[in-house]
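Trainee: I would like to go through the labels used for this model and ask what stands behind each one. Please set every value against its cut-off.

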Amino acid sequence: MIDQTKLPNTLEFITCTNFNQIADAIRTLAVRGAPAIGVSGAFGLALAALQSDAKEKDELINYLENAKKILFETRPTAVNLVWGLQKIMQVAKMANTVDEIRKFVVDAAKKMADDDIQTNISLGKNGSKLFNDNDTIMTHCNAGALATVGYGTALGVIRAIKESGKNVKVIATETRPIQQGSRLTAFELKHDGIDVSLIPDTAVGYTMANGLVNGVVVGADRILQTGHVFNKIGTYQVATMAKQHNIPFYVAAPLSTFDLQSKPTDVIIEQRKASEVTEIGGKKTAPDGIDVINPAFDMTPPELISGIITEKGVAKPPFQESIKELFAAN
Ligand code: MRU
């Protein structure tokens, strides 16, 4: 996998040969983005199945359960991680022998990776119909090829707009504190020849108030039955500002990002280390000993969201009903 902590300065790859290395890669954000960590978790279990020298089915299942726990505890907010891990465990439990478990889980992880790209292409097509020729779209964080197996969710919509023959421009927020917007989205779009301008997070209001933005598309880490969306810290501010300026605000995510069981208060928001806020590029930008609040995600309420773009269609408000219908039909 690409070591995303090194971008945009160097394009370096990491090779993981055991599940603990995958867990480290997720923990350190070498791989990040909800679908990417879901599929990485699945491959972590596939590696665990190959690593284990278990001779009996139950012994191997216990080994996998332990690996699942370690992988699951790496990051708490994105629901795709637990989704990917559970899917692989289901497949493992259907097998009759240790050899069969190994084959089933490796095949299932590979299929999950292939499916992710197809899902994003379908999602992108559905989202592209919501935008017009020459629109400028704002996005926050990185919900692109880097955050998935390929193509991307929010950036998949942008890729699909371009592929449909329309012109599209992107405004990417830098996404403090760890700059997924400037390091990853700007890198990815520039690499693919898509017109992108970078803004400081603090210029969201300015660009919207000055008519520079026609729509917003962001990704998601978890979407509830009620339409509450958990995504990168700052998403709520972007959505609020979009509402203020009557700009449509869309969320793009696969069905694997939905959590139909939890209430907003059940969701754990990952808190990250203070140095992400007190330093920039390893240089101190705040006084020693300062107290820091550094949540990695926030919650955008449904009333700020114009639509949720999925591979099976676009859910529109009221989300309580449209999300239920989306799942009932699929
Ligand atoms: O902390 P990160 O970089 O993993 O956060 C990523 C995001 O918030 C993305 O918008 C989300 O995971 C969707 S990725 C298709």
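Trainee: Why does Leu29 count as buried?

Mentor: Buried means under 20% relative accessible area, exposed over 50%, and partly exposed in between, with a 1.4 Å probe and protein chains only. Leu29 has 9% relative accessibility, so Leu29 counts as buried. Before going on: this is a predicted model, in which local features need pLDDT of at least 70, side-chain atom pairs count only at pLDDT 80 or more, and totals for chains, interfaces and linings use all residues. Residues are numbered from 1 along each chain as its sequence is written, and side-chain values use heavy atoms, with hydrogens and water left out.

Trainee: What else is noted about Leu29, and where does the residue lie?

Mentor: Leu29 has a positive phi of about 70° although it is not a glycine. The residue is in the loop between helix 1 and helix 2 (34-51). Helices (H or I, at least four residues) and strands (E, at least two) are DSSP runs, numbered from the N terminus.

Trainee: Which label does Asn134 get, buried or exposed, and why?

Mentor: Asn134 has 52% relative accessibility and therefore counts as exposed. Asn134 also has a positive phi of about 70° without being a glycine, and it sits in the loop between helix 5 and strand 1 (135-139).

Trainee: What makes helix 6 largely enclosed by the rest of the structure?

Mentor: Helix 6 spans residues 154-163, and eight of its 10 residues are buried, so the helix is largely enclosed. Among the buried ones are Ala154, Val157, Arg159 and Ile161. Helix 6 is followed by Gly165, with a positive phi near 95°.

Trainee: What is the N to O value for Lys69 and Glu73?

Mentor: Lys69 and Glu73 meet in a salt bridge at 3.2 Å, N to O. Lys69 counts as partly exposed at 49% relative accessibility, and Glu73 is exposed at 52%.

Trainee: Why are Asp99 and Arg102 separated by about one helical turn?

Mentor: Asp99 and Arg102 are three residues apart in helix 5 (residues 98-128), so about one helical turn separates them. Their closest N and O atoms are 3.7 Å apart, and the pair is a salt bridge. Asp99 is exposed, with a relative accessible area of 58%, while Arg102 is buried, with 17%. Elsewhere, salt bridges that share partners join Arg75, Glu270, Arg272 and Glu276 into one network. The whole structure has 16 salt bridges.

Trainee: What makes strand 8 and strand 11 edge strands?

Mentor: Two strands pair if DSSP finds at least two bridges between them. An open sheet of four strands has the order 8-5-6-11, with mixed pairing. Strand 8 (258-259) and strand 11 (297-300) are its edge strands, as each pairs on one side only.

Trainee: How do you know that strand 5 pairs with strand 8?

Mentor: Two bridges join strand 5 (residues 222-224) to strand 8, and the strands run parallel. Leu224 stands opposite Asp259 in strand 8. Two bridges also join strand 5 to strand 6 (residues 229-232), here antiparallel, with Arg222 opposite Phe230. Strand 6 and strand 11 pair in the antiparallel sense over four bridges.

Trainee: Why is Ile223 called buried?

Mentor: Ile223 has a relative accessible area of 0%, so this residue is buried. Ile223 lies in strand 5.

Trainee: Which value of omega goes with the cis peptide bond from Leu7 to Pro8?

Mentor: Omega is near 10° for that cis bond, and Pro8 lies in the segment before helix 1 (19-27). Another cis peptide bond joins Pro317 and Pro318, with omega about 0°.

Conventions:
Salt bridge = Lys/Arg side-chain N within 4 Å of Asp/Glu carboxyl O.
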